[in-house]
Amino acid sequence: MTKQQDGVTVVDHPLVQHKLTLMRQKDRSTKSFRQLLNEIGMLLCYEVTRDLPVEMVDIETPLQTSRQPVISGKKMVFAPILRAGVGFLDGMLELVPAARVAHIGLYRDPDTLQAVEYYFKAPSDIADRMIVVMDPMLATANSAVAAIDRLKERGAKDLRFVCLLAAPEGIERLRGAHPEVRIWTAAIDEKLNDHGYIVPGLGDAGDRMFGTR
Ligand code: PRP
Ligand code: URA
């Protein structure tokens, strides 16, 4: 189940919504938070890959030859934004085990809310591949915009962005900066607070996932 508007798809499947509600609860354990993020990653992966191109190939079943569909083109790239984006990665790789992985290390300066890069490693041929950038939180979108800028500098052309929670401000900024990059999210929350946190939100996704509060 999905709702689509202006390049944004809200994945309002009951399983996703139920798991997201559990993740929002402040007393949820690190273990449970991490597992839920992984499970939602898998469900979002199903949606973000829904329109992948397929081609027909000849195969042999035990009974006869048959022409059947397989995904065509080069293997896609999953690009988690560190740290919290890693929480989606295993779930996505469960569904697409041959995907390549690009790591983008960014943190948000707590005062300026600007993204600061500390690591970047991507396959050399990202220009020829579809790239799914992933981060649970789209708040100001400074991190998402910086990650996509960086991937484009390296030649990326076919990009999608997946998150768990988005603020309306973040969607507007990402759509403005990279209008061709479609967004998938499990929910669009009310707003950002004065510290750039999504409300009602779920708090700091990286800290909750790694138990670093
Ligand atoms: C969080 C989150 C996003 C970013 C979102 O990361 O995982 O990357 O903030 O905020 P933005 O849309 O305003 O840029 P954080 O900077 O806390 O780093 P961490 O994942 O290493 O904890
Ligand atoms: N990053 C987070 O982890 N949570 C927010 O609410 C905003 C940015």
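**Close-up views of the predicted model**

**Figure 1. The shell around ligand 2.** The residues of this shell comprise five nonpolar, three polar and one charged. The model shown here and in the other views is predicted. Met137 and Ala139 belong to the surroundings of ligand 2, as do Gly196, Tyr197 and Ile198. Gly201, Asp204, Ala205 and Gly206 complete the list.

**Figure 2. The shell around ligand 1.** Ligand 1 is surrounded by 23 residues, and the closest are Arg108, Ala139, Thr140, Ser143 and Gly206. Two or more residues of the shell come from each of β5 (77–82), β7 (103–108), β10, α4 and α6 (205–210). Helix α4 contributes the most, with three residues. By type, the shell around ligand 1 holds 13 nonpolar, six polar and four charged residues.

**Figure 3. The two faces of helix α5.** Helix α5 covers residues 168–177, and its buried residues are Gly170, Ile171 and Leu174. Viewed down the axis of α5, these buried residues fall within an arc of 100°, so they line one face of the helix. The packing partners of the buried residues are β2 (8–11), β10 (137–138), α4 (142–153), β11 (158–166) and β12 (182–188). On the face turned away from the buried side, α5 carries the exposed residues Glu172 and Gly176.

**Figure 4. Two cis peptide bonds.** Most peptide bonds are trans. Leu82 and Arg83, however, are joined by a cis peptide bond, with omega about 0°. Arg83 is in the loop between β5 and α3 (86–95). A cis peptide bond also joins Val199 and Pro200, where omega is about 0°. Pro200 is placed in the loop between β14 (198–199) and α6.

Figure 5. A negative phi is found in most residues other than glycine. Leu113 has a positive phi, near 65°, and sits in the loop between β7 and β8 (115–121). Because 14 other C-beta atoms lie within 10 Å, Leu113 counts as partly exposed. Ala141 also has a positive phi, of about 75°, and is located in the loop between β10 and α4. Ala141 has 28 other C-beta atoms within 10 Å, so this residue is buried; the cut-off for buried is 20 or more.

**Figure 6. The chain as a setting for the close-ups.** Six helices and 14 strands make up the secondary structure of the chain. The radius of gyration is 18 Å, close to the 17 Å given by the globule rule for 213 residues, so the chain is as compact as a globular protein of that length. The C-alpha trace spans about 65 × 35 × 30 Å along its principal axes. Of the 213 residues, 37% are buried.

Note on methods:
Residues numbered from 1 in each chain as written. Chains lettered and ligands numbered in written order. Predicted model: local features only at pLDDT ≥ 70, side-chain atom pairs only at ≥ 80, totals over all residues. Near = placed C-beta within 6 Å. Nonpolar A, V, L, I, M, F, W, Y, C, P; charged D, E, K, R; others polar. Buried ≥ 20, exposed ≤ 12 C-beta atoms within 10 Å, placed from the backbone. Helix = DSSP H or I, 4+ residues; strand = E, 2+ residues; numbered from the N terminus. Arc of directions from axis to C-beta. Contact = placed C-beta atoms within 7 Å. Rg over C-alpha atoms; globule rule 2.2 N^0.38 Å.
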